Amino acid sequence: MAMAPTSPTPLPDEGSDGGVTVPGNPINLRLPGIISIVAGIIALMVSGVLDHLVMGLLICVGLALGLLNMWLVKGAVLRVTAQVHPSKQQMAMSSASRLLVITAFALMIGFLLRPDGIGVFVGLAISQVVLILTTTVPALKGLRQQS
């Protein structure tokens with residue numbers, strides 16, 4: 001006999017009324033910044049050895065774009081959640097416009113500086129992995145401590 005799936009109950013934060021609230025300590029960009037700098041240095045060293053220094057520089061540009069995106073996301077989340085009634089539509093428009101500009105810029109660089117232009121996309125991909133790791137690992141540790 002199959003049981004109906006239950007919806008997860010929201011975890012209350014300190015001082016909340018039982019619902020989900022935005023944490024008081026937003027994403028810290030120090031660790032992603034440090035990891036991105038180290039990844040950029042490694043990319044420059046490897047690309048220099050392989051005689052593709054432009055690709056290494058463009059990987060650094062992609063990492064910088066990824067950090068810029070993280071910083072803009074942090075600002076957008078703080079702006080939207082500071083409102084009495086946060087708007088999903090406002091958050092979606094902010095995300096869409098930010099990603100459109102970053103994608104257009106990356107495509108332009110990738111096309112104009114091919115074949116080394118692919119480095120911009122490599123840098124953006126690395127920055128996304130860094131963002132995911134630096135946000136989910138602490139969240140998982142926090143969940144583990146709660147149980």
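Q: Why is I41 called partly exposed?
A: Buried means under 20% relative accessible area and exposed over 50%, with partly exposed in between (1.4 Å probe, protein chains only). I41 has a relative accessible area of 44%, so I41 is partly exposed. This is a predicted model, in which local features need pLDDT of at least 70, side-chain atom pairs count only at pLDDT 80 or more, and totals for chains, interfaces and linings use all residues. Residues are numbered from 1 along each chain as its sequence is written, and side-chain values use heavy atoms, with hydrogens and water left out.

Q: Where is I41 found?
A: I41 lies in helix α1, residues 30-49. Helices (H or I, at least four residues) are DSSP runs, numbered from the N terminus. The protein chain has four helices and zero strands.

Q: How do you know that the buried residues of α1 line one face?
A: They are P32, G33, S36, G40, A43 and S47. Seen down the axis of α1, they fall within an arc of 95°, so they line one face of the helix. The arc is that of the directions from the helix axis to the C-beta atoms. On the other side of α1, R30, I37, M45 and V49 are exposed.

Q: What covers the buried residues of α1?
A: The cover includes α2 (53-81) and α4 (118-146).

Notes:
Helices (H or I, at least four residues) and strands (E, at least two) are DSSP runs, numbered from the N terminus. Contact means heavy atoms within 4.5 Å.
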